[in-house]
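Please brief me on this structure, keeping to confidence, packing and contacts.

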Amino acid sequence: MAFFLTLPLILLIALFVLYPAFYSMHLATLNKSMQKFVGLGNFTFLFKRDTFWMVVRQSCIFAITAVFFKALMGFIVAHFVHNLPAKGQRKWRGMLLVPWVIPPAMSTLAWLWLFDPSYSAFNYTLSFFGVGPIPWLGDTFWARFSVILVNVWYGAPFFMIMYLAALKSVPDQLYEAAAIDGANWWQRIWYVTLPMMRNIIAITTLFSLIVTFANFDIVRILTSGGPLDSTHLFATWAFQVGIQSSDIPLGACVSLFMVPILAVAAIFILRDVNKRGNEA
Amino acid sequence: MSTLAIDKGGPTRKIKYRSMSRDRTWALRWSYFFLVLFAIFSLIPPIYMLITSLKSSAEISAATNPWWVFHPTLANYVELLTSNQFLRFFWNSAIVSIVVVFVTMLISIPAAFALARMKFWGSTTLATGVFLTYLIPDSLLFIPLFKMLAVLQDLTGITLLNRWYVLLFIYPTLTVPFCTWIMIGYFASIPKELDEAALIDGASWLQTLTRIFIPVALPGLIAATIFAFTVSWAQFLYPLVFTTSIDQLVLPVGITTTLIKGDVFNWGQIMTGALLGAAPPLIIYAFLMDYYIAGLTAGATKG
């Protein structure tokens, strides 16, 4: 009985998630025309390419920097919202969550227009402060900066909401006790808030690490990996190699390189989620 | 009496007590100040979309103050909303998202019911597996799925690539695991006494599900529905890979590929399209914000 109720779910996961996952490993061992088995040939080919190592480095820089700033911004904003009187919180929370609600492909188009080389609204504004036109997407450093900025803009509200929920669950008595002991605001955050929120911070960060590491939309629309492949992530590079240049095995191989990092993050999340489940 | 006296003489170190209420007022002012900054940062792109969408191409290329509309016009909206191509994208997106929501619910509600209430062989493994599937990103599977569909198309002779309806089979892989996961949590929080009472009254499991579980867990159901809809509406990678003909595209892919013609960017129309594409999730969010947030925070909790 119970088995039949879960059968559609099992079929869905088996056919469209598990099978493709194993199929991907099979594909990665074929040559470009997919007729010959080349073993680990694609992997050794990738190891010899500078672009591949650049993608590895850029993916790590992108994911770590973006997640760090998302977490930091989310934490700060959550505190400010939490400080407000309960009545006004809803309105602010509603406004600050808007970036998360807009489909990323649509909002990235707005950023692309804000970064436009000749009509950039940012450069127009900055010119009043005497700051020269910034090549937002044309220069390697600025392009990397821009994709991280857009990702932080998109992802910080998620952290804000998670932290806000966690902040509300910290009992007031703890802060009262800390205040009686003469703790200043920094000590209250360090000794009360952070330990109480440790678990939710860990889960949120790991979640975000997975999503950010596997990001596609923002980089694809903003830079398509340019200039000179310097902003490519695994996902966008796999798309370019596998779909646009139709070298499916090599593309499959590129995206498989995401697996180790995703797996480590997933194991930690599972541990933390189970811990949370047992606490509750 | 004597203890009171001792307490009064007690503290020897000098603590500077400031007025609590004055501290709070300043904390509040700083909070508002920074929140205004953050709100501006958050709202710049959508507001800029709106500003640009009200401009004519002539005004955009004249490079006047980008933050102000001097000659507001609805021409971009009229043009897009009367263009068959754009309406086609919108229609494709709407039909795909709505069907996916139904498919998702049909799969995940019974599965969550079984996983929350019936203990069977492998049920805990399956629940963990569902959660792990939720963590698998779309960018990991698009290449094998593409090849899989191509092979399947050759085997069966049914056209699968470049057809919007394959998205109906692919999108649930993104929505079902999360919806099942949060529905397990909502169902598990329903007291056992309720379904025992139903059982004693002679209800079948189907009646227990439709008369007890679904009504009681309705907030969770709404949160899951919103999640499934917004994920399907926003999905960009799969339709970009699986569909190419103009009449098969969904909105996000349609706007990014057709409105950008070579190096000619018609920014007024692109921003109008992007705003119209962002409208359905934004409208849902405006009315059902609390459910939206409940769904968002439920993902990281178990049971």
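**Briefing**

Helix α12(B) passes α15(B) in a left-handed crossing; a crossing is left-handed if the near helix is turned anticlockwise from the far one by less than a right angle, and right-handed if clockwise. This is a predicted model, in which local features need pLDDT of at least 70, side-chain atom pairs count only at pLDDT 80 or more, and totals for chains, interfaces and linings use all residues. Residues are numbered from 1 along each chain as its sequence is written, while chains are lettered from A and ligands numbered from 1 in the order in which they are written.

**Helix pair in chain B**

- Helix α12 (residues 218–234) of chain B packs against helix α15 (residues 267–287) of chain B at an angle of about 160°, with the axes 10 Å apart.
- α12(B) is therefore roughly antiparallel to α15(B) (angles over 145 degrees count as roughly antiparallel).
- On the α12(B) side the contact involves B:I226, B:F229, B:T230 and B:W233, which meet B:P280, B:P281 and B:I284 in α15(B); two residues are in contact if their C-beta atoms, placed from the backbone, lie within 7 Å.
- The residues of this contact of α12(B) with α15(B) divide into six nonpolar, one polar and no charged (Ala, Val, Leu, Ile, Met, Phe, Trp, Tyr, Cys and Pro count as nonpolar, Asp, Glu, Lys and Arg as charged, and the others, Gly among them, as polar).

**Burial in chain B**

- Helix α14 (residues 251–258) of chain B is mostly covered, with six of its eight residues buried (20 or more other C-beta atoms within 10 Å; exposed if 12 or fewer, partly exposed in between).
- The buried residues of α14(B) are B:L251, B:P252, B:V253, B:G254, B:I255 and B:T256.

**Contact between the chains**

- Chain B contributes 76 residues to the contact and chain A 74 residues.
- Helix α2 (residues 20–53) of chain B supplies the largest share of the side of chain B that touches chain A, 15 residues.
- That side of chain B divides into 59 nonpolar, 15 polar and two charged residues.

**A:Q240**

- A:Q240 lies in helix α12 (residues 234–244) of chain A.
- A:Q240 is partly exposed because 18 other C-beta atoms lie within 10 Å.
- Not counting residues up to four places away in sequence, A:Q240 touches A:G225 and A:S245.

**Confidence in chain A**

- Chain A averages a pLDDT of 85, and 98% of the residues score at least 70 (pLDDT is the predictor's confidence in each residue, from 0 to 100).
- Within chain A, confidence is lowest in helix α14 (residues 259–279), at a mean of 77, and highest in helix α6 (residues 104–114), at 91.

Methods
Helices (H or I, at least four residues) and strands (E, at least two) are DSSP runs, numbered from the N terminus. Axes are lines fitted to C-alpha atoms, for helices over the stretch in contact, and angles run from 0 to 180 degrees between N-to-C directions. Angles under 35 degrees count as roughly parallel, over 145 as roughly antiparallel, 65 to 115 as roughly perpendicular and the rest as oblique.
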